[in-house]
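Please look through the structure shown here, starting with its charged side chains and going on to its cores and strands. The paragraphs below take these topics in turn.

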Amino acid sequence: LHTDIAHRWRALLALAAVLPVACVDQQIIAPKVDAIFVQAVLDVSTNDQYVTVETVDGTIKHQKAIPGAQVAVITPDGHTLAAEEIVDSETVVISPAPRVTTVYRLSLAKYGVGLIAGGAYQLRILLPDGRQVRGSTIIPRFDSALAPPTPEPFDVSRDTLALVWPRVTGASGYEVTISSQRGLFSLFADTAVSLAGDVRNVDRRAFYAGLTHQVVVSAVDENYYDYFRRSTDFFTGEGPIGHLDGALGVFGSIVPIASRTLIVH
Amino acid sequence: MRAFARVAPAVALIALGHVAGAQRPDSSFAALRSDGNGIPALQTLITDGFAEQTAAVAFTRVATLARLNLTLDPQLAALSSKISIAARPRTAAVALVEIAMQSHVSVRVSTRGQIVVGEARTASPTRAVARDTSISSPVALPAMRSEAAQFEQQRFESTETLGAISMTGVGLRSAPMFIEPDVLRSVQLLPGIEARSDWSAGFNVHGGESDQNLILLDGYPIYSPFHLGGLFSTFIGPTVGRVELRKGSLPVRYGGRLSSVLDVTSAEPLSDRLHGTMEVSLASAIGSVGRTFADGDGSWMIAGRRTYADAVINLYKRDAFPYHFQDVQAHLARRFGNGTRISVTAYDGLDAGGLVDGSQDEVGGNWGNSVVGVTVSKTAVAPQAFGRALGDSATFEQRLSFTRFSTRLDVFDALARADNRVADIRVGGSASLFSGSHTRTFGYELAQQRISYQTMAAFSVLGGVLPLDSLRFRNGSISLFADDVWRPTAALIVEGGLRLDAVTPTGWHGLSPRVSAKYFLSPRLAITAGAGSYAQWLHSLGREEEPVQPFTYWVGSDANTPVSRARDVTAGIERWITPTRMLHMEAFYKRYQDLLIPNTKDDQLAAGDEFLRSGGTSYGVDFLLRQLGSGPFTGWIGYSYALNTRVTADGAHYFPTQDRRHNLNAVGSWRAGQYTLGARINLASGLPTTPVIGGFARSRYNPATHRWVSTTSTPTEESIQGPLNSARLPWYERIDVSVNRSGRLFGADVSPYLSVVNVLNSRNPAAYIYSFTGQPKQASFPNLPFIPTFGVSIAY
């Protein structure tokens, strides 16, 4: 019944949107943007940090990776860690198929260092054409790495996932991600969340029967939080909030603070 | 006509008006407008010169004029030497009433002769002539139009009218309409007023933000008077007696807003016979009923409205269209023989969509306003306090009201929830003392607002339409004001006042001085000037940039949200070209301080970042040529030029979204026999808009796989904006037409109407929507397209 009501409500909203849209005038435009787009996140739970560097001309299909860039992260103690350029088909996974692209991998193990809780890191990118990108992040404080979670059964028709976590110094927000073979469901919350088995957002469900789901709660820094906490405004076109100098995108940091593995049925 | 003579006794009512701005228009005067039963309630006013005396005479039954017998209230016996009244019925159609007064007295005269209702202030004889045109036009009600001209003339002659426009409910309904008559949409047609889009019944006044308008129902605040996302206002057509809009130089009795006051006065029935109206439009059905009682000293009216699309569709499939809105409004007024008057207004409105019963599994919401207010006023002759005379007469008023606004939306298991509640309780009062050339008013107002704003969403696709935040406020305000309307000479009116507001919990307190003057260059030509200071401590999180603003998201002032200030200066000229045609021009300059602009980067989990402090200016000029009266044509041409700028805290200047430079509205209605034709032509320059210059695909980081992934089946498209409001939408062009036929059917007045919005189907974008995923496109989110609507109004 609830699903039917939700569907009817969505149909009503769609109808309300379609009525005016049916009268719209459309015209082809030619964007003339010459921007750099960078996505970089320092994740304390992994040794390999990936940075994507792309060109943006305003048209999505023209967005492509930039090879030949010099990507480096400067640690709190001033050491420069250079990232290596690789061609990879797994780092950037855009449905329905992985995208083979150039990415920049920073292997902390190669330098024998780890990410420091509360540390301030800087990102430096020098493009082949001389343009530069700068960013900085302060990693939220954390105590220790998470232990691998024990799989738990989860009944989508009956169970509710309730998570509570403590505040983390330096965190601007907390992201809850639920990933499975059907994709990624994510949301931001304060220090607790309660998700029913049939919970969904606009375009996807959180849980799918028959699949294993990885649930991760991450404390995130201000850059990450600002960049991902909102989408482009439908009417005004205001997009994500970026803090990079010289590029669109993000250089942020996250600290996974809780995780669960759910065998959903 | 014989039926008229049989039905009721003659009633002649003389309501002698008040001194400038000291009181609201007397309700009996307003009631003249709406007899509602098709029997003419006629009044014509002739005054000698342009002195302050005003008079309105209504005869509901012409056949009994011969028995007109005017007597005085016993309380006025002592003043009888100063008053002479003579009624000399000349014919069945014309009666002459002469009143000569030598001092300031309050008098009401009726055939039964008992009650004080008003005041006239003149040392020269006043002559009022009542002329009943029911002989020539027993069904049509031209009096409704002549009353409008009369009221405006009274205002011109007796008050400072800076920035004030008054319209009757009938006048507002004469313009072409969208689906059904709507007060707020009609107000948008006046000069100095503009709307962000056709999808909102909200409006901007003289360049101010849309939350800077104080909207009152019979003097009681109403916070978000909209239905269906702003397409309709909450005011039910038949209940609207008069609308008064003040665009600047606000008198000190109004506080808490920076830009304007819109006061909607309830209609009061005139007939002692139970009567009412039924109206059916494409959207809703409206019913009203009312009558007078206590020999015309009291009246009541109740009206309701409900949309019916859900009921019709549900006949075919249950719960297929789970949305409706409804209103109910009641107004009761009673006047007593000792000069006391009590009025009560109650309103309750609701929008309901989907099924919300407390469960977290459902989708939908409800929102609405409730208002209850009571006003007690008393007019006293030769009042005294502590042995001292307070003046020739005085009016004391005490008001108490409770207003509630509540919004609740639930989407998908509480992943998005909006809950905004405002509870406003206020008590206020005033004493207006009339003496000599002065009218002094002293008043107070104590108000408290409890505001809760809890809007959370796990996803942000709702964008700025639904601001996300979690806030609570408990604001209180204490206000004192004093005002003096001084008429040192017959040609000059000066009004000066001072308002003191203290606001908790901010601890803010401030003085708001206001002064205005009007100088009559001739009996039909006056110049005006005014200046004022204003404060506002309730703000809206709603963003002007959004073409659709379903609600006004109210929050209060606190340590993070300062009290906003504004100062304005106005100057104007008003000329009555003929007794029914007036020309009004007004220039304004307004400067804002601590203006709060919603922060587009607001974090829903953080408090204190909801607004950005801003400053700014607005200046411009309004032009209004208005045809009133009982002739076949009524209407107006209004033009506004305005220039608005805002400056951010770091000194950046930009044009706010409401910065419409040119706005021309021509509105008219022509009566031709049983038909009334209406037309509205609107031409307006484009509003500022922020261009979107490109897009990019954003991925999400999956901490479980350490991969960048997409959360949707296609890359998430994000926009790249150009400079803020650096482009403009194209010019807005729109022509609306309507036709209304008046007739009688089964003893009732039946008026079917057809109205066509945007008859030329002009493409007027309200915003642009961009897509960069495939071939980059710019699509316009349109304003109202060609929409024919029809309905019928039945008065019985």
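Arg543(B) has a relative accessibility of 7%, so this residue counts as buried, the limit being under 20%. The model is a predicted one. Which residue forms a salt bridge with Arg543(B)? The partner is Glu238(A), and the closest N and O atoms of the two are 2.7 Å apart. This pair crosses between chains. On the chain A side, Glu238(A) sits in the loop between helix 3 (222–228) and strand 19 (248–264). On the chain B side, Arg543(B) sits in the loop between strand 33 (538–540) and strand 34 (554–556). Glu238(A) has 8% relative accessibility and therefore counts as buried too.

A salt bridge can also link parts of one chain. Arg660(B) and Glu194(B) form such a pair, with 3.6 Å between their closest N and O atoms. Arg660(B) and Glu194(B) are both buried. In another salt bridge, between Arg246(B) and Glu244(B), the closest N and O atoms are 3.4 Å apart. These two residues, Arg246(B) and Glu244(B), are both buried as well. Salt bridges with shared partners also join Asp424(B), Arg426(B), Glu445(B), Arg499(B) and Asp501(B) into one network. Over all chains, a search of the whole structure finds 34 salt bridges.

Another buried arginine is Arg646(B), which counts as buried because its relative accessibility is 1%, under the 20% limit. Arg646(B) belongs to strand 38 (residues 633–648) of chain B. Its side chain and that of Glu209(B) are joined by a polar contact of 3.1 Å.

Next come the nonpolar residues. The largest nonpolar core has 48 residues, and those with the most contacts inside it are Val38(A), Val53(A), Val71(A), Ile125(A) and Phe207(A). Leaving aside residues up to four places away in sequence, Val38(A) touches a number of others, among them Val53(A), Leu123(A), Ile125(A), Val133(A), Leu244(A) and Val250(A). A second, separate core has 40 residues, including Leu541(B), Val563(B), Val757(B) and Leu784(B).

The strands can be followed in chain A to begin with. An open sheet of four strands there has the order 6-5-11-12, with antiparallel pairing. Which strands are at its edges? They are strand 6 (80–82) and strand 12 (132–138) of chain A, each of which pairs on one side only. On average, and with direction ignored, neighbouring strands of this sheet are turned by 20° against each other. Seven bridges link strand 11 (residues 120–126) of chain A to strand 12 of chain A in the antiparallel sense. In this part of the model, Leu126(A) is opposite Gln132(A) of strand 12 of chain A.

In chain B, strand 27 (residues 416–435) and strand 28 (residues 438–457) pair in the antiparallel sense over 20 bridges. Arg421(B) has Ser452(B), in strand 28 of chain B, as its bridge partner. The hairpin of these strands has two residues between them, and Gly436(B) takes a positive phi near 50° there. Strand 28 of chain B is also joined by 18 bridges to strand 29 (residues 469–489) of chain B, and these two run antiparallel. Here Thr441(B) stands opposite Asp483(B), which is in strand 29 of chain B.

Technical notes: Residues are numbered from 1 along each chain as its sequence is written. Chains are lettered from A and ligands numbered from 1 in the order in which they are written. This is a predicted model: local features need pLDDT of at least 70, side-chain atom pairs count only at pLDDT 80 or more; totals for chains, interfaces and linings use all residues. Side-chain values use heavy atoms; hydrogens and water are left out. A salt bridge is a side-chain nitrogen of Lys or Arg within 4 Å of a carboxyl oxygen of Asp or Glu. Buried means under 20% relative accessible area, exposed over 50%, partly exposed in between (1.4 Å probe, protein chains only). A nonpolar core is a set of buried Ala, Val, Leu, Ile, Met, Phe, Trp, Tyr and Cys residues joined through side-chain atoms within 4.5 Å. Contact means heavy atoms within 4.5 Å. Two strands pair if DSSP finds at least two bridges between them. A polar contact is a pair of N or O atoms within 3.5 Å; within protein, one must be able to donate a hydrogen and the other to accept it, and residues adjacent in sequence count only if both atoms are side-chain atoms. Axes are lines fitted to C-alpha atoms, for helices over the stretch in contact, and angles run from 0 to 180 degrees between N-to-C directions.
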